[in-house]
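Please keep the sequence and the structure at hand while reading.

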Amino acid sequence: MRRKLQLESLESRCLMASLPFGAAPEDTGEFMLGRVAVTPVFIESSGILDQNTEDWTPAHKAQVLEKIESGLDWWRQLLAKTTNRHTLEFVIDRTFADQPFVSLYEPINRPSNDYQLYVNEFLVNRGFNQSSQLEANMRAFNHAQRLSLQTDWSFTIFVVNSMNDGEGTFAAGGSFSRAFSFAGGLFEVIPSTRPTSTFTHETGHMFWARDEYIGGGTYFQRRGYYNAQNTNAIDLNPASPFQQADSIMSEGTSLDRAFSQLVSPASTLAQIGWLDSDGDGIFDVLDVPLSLEGSGRLDPQKNEFVFRGDARVQTLPNRNSSGTQNDITLNKIQRIEYRINDGTWVTLATPNTYTIDLDLRIPVPAGTTGKIELRAIDGRSGITSNVFSGSLTPAASTTQTNGVFGFAWNDQDSDGVWDAIESGVSNAIVRLETPNGDPVRTQTIVRPSDYPEGQITGNARGITLSTIGMDADGKIASFTDTDSVLDTRVLRPFSWRLQNYRESFQGTDTQMKATFTNPTRYAFVHVIGAENGAIARLDAFDSTGKVIARAESVSLGSGQSQGLEVLADSESIAYVVAYGHRNSTIKIDQIRFGLPSEVRTQLDGSFVFPGVSPSNLNVRITPPNTSFSNSIPSNGLSSVTIPPSGTVRTDFGLKLVVSPWQNQSRRQDVNNDGQVDLFDVLVIINEINRNGIRELKQTDATPPPFIDVDGDRIVAPTDALIVINLVNAQRSGGQGEGEVGLPTDRFGSGPESFGWDANGPEDEFTKNKRRRIS
C-alpha cells in the first residue's frame, strides 16, 4: 500500500503542538476539558521587608497540596458523573510547593490588593517581565508552563501561608478578605487554611464561571465559551421567590452541599463549557463534526482507489464576552478509516493532528465492484467527519454532494463512459437554468462604487448597510481608496468619537453590518488588511440574532486581501457582520449574497450547486476553451429532476479536439522536416513577432508550420520553450520526449498524472473554507 499524508501548515497561532486548535498563547483557560497545567506557588516571607509571621512546615505543605489535589479532582469526578465522552486531567507542577518562593512580603498581613507586589516579584524572578502589564506576564508564564507540561490549558495558584493567622484573612483595606481569582486561565490567591472546597470554587473561575452569592455576579451577567447567562445568581434574579440551586460557585450552605454531593446546576456548568444541547454526551464546544473534502476514483490498472483532498477539525464560534474570543477545539484527526461495501472500518492512517492533506492509494481486490467509504475520526470522543462514498469505477466521486453536483471529464473515445485513462477537465463553465433557459437564482454583487461617494443611505438592491459597535453611530460611506482590490472604493464607518469617517473598520468598535431584505443562504465579504497581522471575521445571524455561521481570514499583511464566505443550511441568514478580530483594522470593498447559478469546474473536474429546491432544471456546460467540444450530451445540456433530498448527480463528457496546428507525429517538429532543432524555435518566434500572441482560428494559415506545440490553439512563447527544452536535452544527452515541468499530456491522462488536471483556477465558492455550526 502506498500512502502519502502531508501535514498542512497552520496559522501562526496554532503552530505549537500543545496548543488547542485556534488558540493563541493568551488562551490559557477557555473551557474545562482536556489536560490542565496547575502551578501552585507557595509564598514564604524572607522577613527583610515585612515581619515574618508565617513559616511553611513540611506537614503544612503536604496538607495544602492534598487540598489542592482534592479540590481539583472534584471537577474530574463531576465530569465523570456527567459524561463518559470527555476527559479532564490536572497536571500539578510541585516545584514551588516543595521549595516555596521567597518573597520580600508577608502577604497575609497585607491588604489583598497587594497581590501585585508578590505576584510581580515572582514573575520577575522567573524571567517573565517583558510587558508592563502584570496580566500579560502572567499569561506568558502560564503559557510556558503549558508548553513545558504538554497540556491544553494552564493557570497558577498563589498560596498565602495563614497557618498562624487566627481568621485566615488578609489585612483590612483590600477588595477581598479571603480567596480571590482572576478569571480565564490567570491565577488564584488563596490563604493556606481555606478548606478544600475553596480551591474547587476558585478553579471554576479559571474557566470563566461567575460567582453566584450575594455581592458576587448578577443574574444578567454572561461569560464562557457560549456566553452563558449566570441564572443561578442571587443578585438581580427576577424570580420571586428565588430558590438558589446548590452550586460550587455560591457560598455557605449552598456551596458546602454542592461540594459534598458533587452537584452544580446546568447554568453554572455551561459557563465552563459543559453544555450538551443534543444529549449525546459530547459537550457543544467539541460536538462539531470533522471535515473531509476531496475526490477519488479507481485505478483499475493498479487495483487502487486514489483519493486526494484534506481532513480538518472545525470549531464552534466562540461567543465569550470576555477573553480573546478565539474559536477553539481540542478535537483532532486521530484516524483516517475506510471500508468497502459496508464492511468493517479499517484504519488507514493515524495522523493525530488538526489538519492534514491526503494523497491516498487504497488497495482494492481485483474485480471488486460496489463502493468504498472514507472518514476521519477523533477516537477519544467519537466525533467523525462526513463520509466520502466513492464508486469502485474509473469515474470520479466527490465529497461535495449536497445539491446538484457532478464532473466534467475528457471523454477521449466519445463512448460516454469515464475510462481509466480519461481525466477530469477543470475550468469549464457550468450553469444552472430553468427549463426556459433563465438562471435559477441570482447572486447580487454590491460594490462601494455602486453608491454615490459619501454617506450611504436606505435600502438598495435588497441590502441595507450600516455600522455597529461602541464607536459607531450607524452611518457608513463609500470613499475612493487605493487599497481597494475588487473596486476603486471601500466602505468606511463613521466614528462618533472622531466625528468623522475612519479609513478602516477597527475591531468590534466599528463593524460593518449588512441586512438582507430577504434572508439568504450564502454571503461573501471581501476584506483587506489595514495593518500587518489583521484578522477579519464574518458572522452570519438568523432573525433571532443567533450566530449560525462564521468565517475567519488568515493573518493578513497591510494591503493583503481575502474573500470570506458563510453558508447556511437554508435561507436563514438575516444579516452578516464583518469586523476585525482581536482589535484588527480592516477594509471592505465588496459584498455578495445569494448562491450563484454559474460555477467553474475544479481541478478534478467537479462542480456543485448546493441548496437547490426540488424542481425540474437544466444544467448546461461550456467547455473551458476551443480545445474541447461537447461529447456527452452532445449539446452540453442535461435535464435533471431534483428529488426531495435536494441531491442529484449529472456528469458531462468533453472531447479534446486535436489542434490542427500541432504536429501529431512529433509536436516539437514545427517545420515538419523530421528534425527538432533551433530552426523550429525560430519559426515560432518569427510568427509571434509578425502577428503576436493569439488564439489560432480557422482563418489562420493551414500547417505546416505546426506552431501550436502544446495543442492549446494559442501561439505563445510557451510553444517555443517546449522546443528549446527538448533541444537542450538532446544536446546534453537527454533521452526521449521529456521536458522539464511539462506533462506528456497536458490534460493529465499520462500514467504519472492519472486522474487530475492541473489546469485552471478554483472558484470562490469552493476555494474558501467555511465554518458551520452543526
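In which strand is the place of Arg537? In this predicted model, Arg537 belongs to strand β30, which spans residues 536-541. The points below begin with the surroundings of that residue and then turn to the nonpolar residues.

**Arg537 and its surroundings**
- Arg537 counts as buried because its relative accessibility is 1%, and the cut-off for buried is under 20%.
- A polar atom of the Arg537 side chain lies 2.6 Å from the backbone oxygen of Gln325, while a polar contact of 3.3 Å links the side chain of Arg537 to that of Asp327.
- When neighbours within four places in sequence are left aside, the residues in contact with Arg537 include Asn326, Arg550, Glu552, Leu564, Val577, Tyr579 and His581.

- In soluble globular proteins, nonpolar side chains tend to be buried together.
- The largest nonpolar core holds 71 residues, of which Trp75 and Trp274 touch the most other members; its largest share, eight residues, is contributed by helix α1 (residues 58-82).
- A second, separate core consists of 32 residues, among them Ile463, Ile476, Val527 and Leu538.
- Apart from neighbours within four places in sequence, Trp274 is in contact with Trp75 and also with Met32, Leu33, Leu78, Leu79, Leu88, Tyr226, Leu269 and Phe283.

**Surface patch**
- On the surface, a nonpolar patch is formed by Ile48, Leu49 and Leu104, which together have about 300 Å² of accessible area.
- Within this patch, Leu49 is located in the loop between β2 (34-45) and α1.

Methods. Residues numbered from 1 in each chain as written. Predicted model: local features only at pLDDT ≥ 70, side-chain atom pairs only at ≥ 80, totals over all residues. Heavy atoms only, no water. Core = buried A, V, L, I, M, F, W, Y, C linked by side-chain atoms within 4.5 Å. Buried < 20%, exposed > 50% of the residue type's maximum accessible area, 1.4 Å probe, protein only. Helix = DSSP H or I, 4+ residues; strand = E, 2+ residues; numbered from the N terminus. Contact = heavy atoms within 4.5 Å. Patch = residues over 30% accessible without salt bridge, like charges linked within 9 Å, V, L, I, M, F, W, Y side chains within 5 Å. Areas by Shrake-Rupley, 256 points an atom, 1.4 Å probe, with all protein chains shown as cover. Salt bridge = Lys/Arg side-chain N within 4 Å of Asp/Glu carboxyl O. Polar contact = N/O pair within 3.5 Å; in protein donor to acceptor, adjacent residues only side chain to side chain.
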